[in-house]
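Hi there,

Here is the structure I promised to pass on. Please have a look, and my notes follow below.

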Amino acid sequence: MSKLRLTNLTRQIEIGANCYLLEAGERRIVLDCGAHPKHEGRDSLPQLDHLSGKHVDAIILSHAHQDHLGSLPVLMRQHPSAPAFMTEPTRQLADVMLHNSVNVMSKRHENGEGEVPTFLHREATNCVRRFHSLPLHERFTPSGERIPYGETAEVSFQFEDAGHILGSTAVLIEANGRRILYTGDVNFHNQSLMHGARLPEKDLDTVIIECTRGAVPQPADFTREKEEERFAAAIREVFARGGSVLVPVFALGKSQELLTMIFTLRKKGLLPECPVYIGGLSTKLSEIHDKLASASHRQHPGLSLLPTISPFTISGREVNQQPIRPGRIYALSSGMMTEHTLSNVIAPHFLPNPAHGIFFVGYADPDSPAGRLRSAKQGDSFQVAPDIQPETLRCQVETFGFSAHGDRESLIDYVQRAAPKQVVLVHGDPDAQEWMRQTLSVRAPGTKVLSAPSGVPLDL
Ligand SMILES: [Zn+2]
């Protein structure tokens, strides 16, 4: 049997700069090439040294979030002949995301705060020129040729809908008769905008599965609809006492989910018409969602978010200068309130006022400003960034369960249904992976569970 080997090029067992090398015989395929959200410069890159001097046949991008995409121009600079494959929505979103990264890296460097950017606009443009978009459910060779139905190839891959954000996919790779599924980031349940994932469940040898929420139990009676209603009720209460709501969101995915939620809650009469503010990057990414509204697998086909919700685009300068007026929703990135982002800069205007609310709607690293605020107590002194005056926490702080990642039970259910010969746990902190390992040993005893230590080749 010819070689089939996986090497995790993420620097640690964590949700970091995702990158995986799959070697099938003499073919080398790289799955994703992210940037670590907490690091800059060289430290933000995956372990690309493992690839130096080696030929790469294909790069496959599962979706356009930074932790899967953000170092792709560096990899493509090192491997100038390797093509990169993704879905068409991911191609369009990735173009915007990469140029936005250059803006963020360059600005920090110019202000003396950050490392030298890992790539510049010219490289981002060159990289995007080498992107090839492919449809779902069709098989391609690593050089991008379509394989007609019924024909075989030594190595092939196809995209399947992963239900995480617009354009997100799992990747099914067939190599010398063996079938390997890389889930990327996956969500099996419907969100407000995205439909749940539909992944293959037959004849799988290996599933490389994300474990983001492995350490987080889901309440037994949780439903998205009930959570949306709880969210709407909380916003109404803030408005009734003369406050406004800040919702820190990721610009890609969560912003558009939130706009869709506002649309459906208004339609149900659960939210009043009110001004909604979003950032410039969210607006650009929402435009792509709207352009593809009828061409992508999602709920509310044809719904154009920007003309329907009519959010205002707000800049960093306006965030600092405009007073927070009552009865407004500020859906601003970043989701973790990272320093110098819009949600971070505006937060001190919310913190000391008991009328206002800061509502979290997704994952936050415990060490991020959002993570710290979630565990702070009323009356605590809270500082969003070292160069910003601390404020006393008096506003309402709530967390809602609108994650774009599958809950851990749904991940276990999928492995049980698919019953692959083996599972490789990735994209999760050690405690999340440990829960998955222990639970699978009881619930899927026929499936071997492997972890993928950083940089160590794993024979599949
Ligand atoms: Zn993601």
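I began with a helix pair: the axes of α6 (residues 254-267) and α7 (residues 280-291) come within 9 Å and cross at roughly 70°. The axes are lines fitted to C-alpha atoms over the stretch in contact, with angles from 0 to 180 degrees between N-to-C directions; helices are DSSP runs (H or I, at least four residues), numbered from the N terminus. The two helices are therefore roughly perpendicular (65 to 115 degrees). Ser-255, Gln-256 and Leu-259 of α6 meet Ser-282, Leu-285, Ser-286 and His-289 of α7, where contact means C-beta atoms, placed from the backbone, within 7 Å.

This is a predicted model, so local features need pLDDT of at least 70 and side-chain atom pairs count only at pLDDT 80 or more, while totals for chains, interfaces and linings use all residues. Residue numbers start from 1 along each chain as its sequence is written.

The chain is assigned domain 1 (4-216 + 404-459) and domain 2 (224-399), with bounds from an automatic or database assignment.

Finally, the largest nonpolar core has 129 residues, with Ile-208 and Val-247 making the most contacts inside it. Such a core joins buried Ala, Val, Leu, Ile, Met, Phe, Trp, Tyr and Cys through C-beta atoms within 7 Å, buried meaning 20 or more other C-beta atoms within 10 Å. Beyond neighbours within four places in sequence, Val-247 touches Leu-258, Ile-329, Tyr-330, Ala-331, Phe-359 and Val-361.

Best wishes

Definitions and conventions: A residue is buried if 20 or more other C-beta atoms lie within 10 Å of its own, exposed if 12 or fewer, and partly exposed in between; C-beta atoms are placed from the backbone. Two residues are in contact if their C-beta atoms, placed from the backbone, lie within 7 Å. Angles under 35 degrees count as roughly parallel, over 145 as roughly antiparallel, 65 to 115 as roughly perpendicular and the rest as oblique.
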